[in-house]
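Hi,

Here is the structure I promised to pass on. Have a look at it first, and then read my notes below.

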Amino acid sequence: MNEETLAEEKERKLEDIKKEAEERACPVQRSLYFVEEFLAGPMCGKCYPCSLGTYEAKLRLISIAQHLEGVNEKDLDALKRIASQMIVGSYCIKGRNTGKFIMDILTSSMDEFQQHLSGICPKKECISLIEYVINPDLCIMCGKCLEVCKYGAIIGEPKKPYLSGYSPFEIRQKRCTKCGECIKVCPVGAIEVITTQIEEPVSSK
Ligand code: SF4
Ligand code: SF4
Ligand code: SF4
């Protein structure tokens, strides 16, 4: 395979990454996926604005997605700075397009990025910011969720006719990996995903 063909392969991969990233509804998850995949694949490390920029962008996006201690507006400012520097200073089109991808997503979804700083993922895709819970008013105690949970996160006893005194089914948050398997099998929609609202971090501005 000659150099030109190799370059074309890489360009196609960048397009594939973009398509895959766009399957995610949450803009933080979308940009994190794009940046991580770019770092793992097409990014060659030959110039600083792109190689250092994408690495720093990844760390900032992880902080936002996981609402790590100290995350604040400065992380959003840093992402804008990184994107601008990549657009202007990247040596090749791949770095410039990655910078543009980050800048476009920040511009179009700034409200959602801001909500993440308060510990809220509106699309409920950032797993550090959500919980799976069972609504006891809807649960019919069939036990289907218990059967599919591989992590022993669900407690409860399936209901048998003519017996009473059951405890309601519950999800133990410490064991739940948020894999989403239980919600797929619940026949009555009793399992809900809720946002875990975390105390707003103090802005350093
Ligand atoms: S901009 Fe291009 S040359 Fe520079 S590190 Fe990124 S992929 Fe490599
Ligand atoms: S989301 Fe996954 S780990 Fe959590 S309770 Fe449901 S099946 Fe178990
Ligand atoms: S699958 Fe749904 S209805 Fe059945 S026990 Fe679990 S939460 Fe309750």
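How many nonpolar, polar and charged residues does the shell around ligand 1 have? By class, this shell has seven nonpolar, four polar and two charged residues, where Ala, Val, Leu, Ile, Met, Phe, Trp, Tyr, Cys and Pro count as nonpolar, Asp, Glu, Lys and Arg as charged, and the others, Gly among them, as polar.

Before the rest, a word on conventions. This is a predicted model, in which local features need pLDDT of at least 70 and side-chain atom pairs count only at pLDDT 80 or more, while totals for chains, interfaces and linings use all residues. Residues are numbered from 1 along each chain as its sequence is written, and chains are lettered from A and ligands numbered from 1 in the order in which they are written.

**The ligands**

Ligand 1 is surrounded by 13 residues, the closest being Cys 44, Cys 47, Cys 50, Cys 92 and Gly 95 (a residue is near a molecule if its C-beta atom, placed from the backbone, lies within 6 Å of it). Helices α3 and α5 each supply at least two residues of that shell (helices are DSSP runs of H or I, at least four residues, and strands runs of E, at least two, numbered from the N terminus).

Around ligand 2 there are 14 residues, with Cys 149, Ala 153, Cys 176, Cys 179 and Cys 182 nearest; the shell divides into 10 nonpolar, two polar and two charged. Ligand 3 also has 14 residues around it, and Cys 139, Cys 142, Lys 144, Cys 145 and Cys 186 come nearest. Its shell has 12 nonpolar, one polar and one charged residues.

**Packing on α5**

The axes of α3 (residues 48-66) and α5 (residues 93-108) come within 10 Å and cross at roughly 30° (axes are lines fitted to C-alpha atoms, for helices over the stretch in contact, and angles run from 0 to 180 degrees between N-to-C directions). That makes α3 roughly parallel to α5 (angles under 35 degrees count as roughly parallel, over 145 as roughly antiparallel). Pro 49, Cys 50, Thr 54 and Ala 57 of α3 make the contact with Gly 95, Thr 98 and Ile 102 of α5 (C-beta atoms, placed from the backbone, within 7 Å).

Helix α2 (residues 27-40) packs with α5 at about 170°, the axes 10 Å apart, so these two are roughly antiparallel. Here Pro 27, Arg 30, Ser 31, Phe 34 and Phe 38 in α2 meet Thr 98, Phe 101, Ile 102 and Ile 105 in α5.

Best wishes

Definitions and conventions. Angles under 35 degrees count as roughly parallel, over 145 as roughly antiparallel, 65 to 115 as roughly perpendicular and the rest as oblique. Two residues are in contact if their C-beta atoms, placed from the backbone, lie within 7 Å.
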